[in-house]
Amino acid sequence: MDVTEHYLIEEYSNGRISKGKAAKMLDISIYEINDLFEEHRVKDSISYENFIKGMEIAEKYSKFDPDKEKKKE
């Protein structure tokens, strides 16, 4: 692992940068940053509450309607 990766892993682990920011700074995809973090056993820094809020916002503005999907079944 190079110095930049190590620094960004530490920054993410301490909640000072986002996963997207780390990926952008390393010029890799979000999938690759997930793999890198998994390889180094880095846990997500997002709290459960913030994850739920994010999911609620995404569902609110998404074109996906889970109720419609249930009716199709």
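Predicted model: local features only at pLDDT ≥ 70, side-chain atom pairs only at ≥ 80, totals over all residues.
**View 1. Buried face of helix α2.** Helix α2 spans residues 19-26, and its buried positions are K19, A22, A23 and L26. Viewed down the axis of α2, these buried residues fall within an arc of 100°, so they line one face of the helix. An α-helix has 3.6 residues a turn, so residues three or four places apart point the same way. The cover over the buried residues of α2 includes α1 (3-13) and α3 (30-39). Just after α2, D27 adopts a positive phi of about 55°.

**View 2. Packing of α2 against α3.** Two packed helices are described by the angle between their axes and the distance between the axes. Here the axes of α2 and α3 cross at roughly 100° and come within 9 Å. The two helices, α2 and α3, are therefore roughly perpendicular to each other. On the α2 side, the contact is made by K19, G20, A22, A23 and L26; on the α3 side, I30, I33, N34, L36 and F37 take part. By residue class, this contact of α2 with α3 comprises seven nonpolar, two polar and one charged.

**View 3. The aromatic pair Y12 and F37.** One aromatic pair is found in a search of the whole structure. The rings of Y12 and F37 are stacked, at 4.5 Å centre to centre with 15° between the planes. Y12 belongs to helix α1 and F37 to helix α3, so the pair ties together parts that are 25 residues apart in sequence. Y12 has 4% relative accessibility and therefore counts as buried. F37, at 3% relative accessibility, also counts as buried, the cut-off being under 20%.

Definitions and conventions
Residues numbered from 1 in each chain as written. Heavy atoms only, no water. Buried < 20%, exposed > 50% of the residue type's maximum accessible area, 1.4 Å probe, protein only. Helix = DSSP H or I, 4+ residues; strand = E, 2+ residues; numbered from the N terminus. Arc of directions from axis to C-beta. Contact = heavy atoms within 4.5 Å. Phe/Tyr/Trp six-rings, centres within 6.5 Å; stacked < 30°, edge-to-face > 60°. Axes fitted to C-alpha atoms, helices over the stretch in contact; angles between N-to-C directions. Parallel < 35°, antiparallel > 145°, perpendicular 65-115°, else oblique. Nonpolar A, V, L, I, M, F, W, Y, C, P; charged D, E, K, R; others polar.
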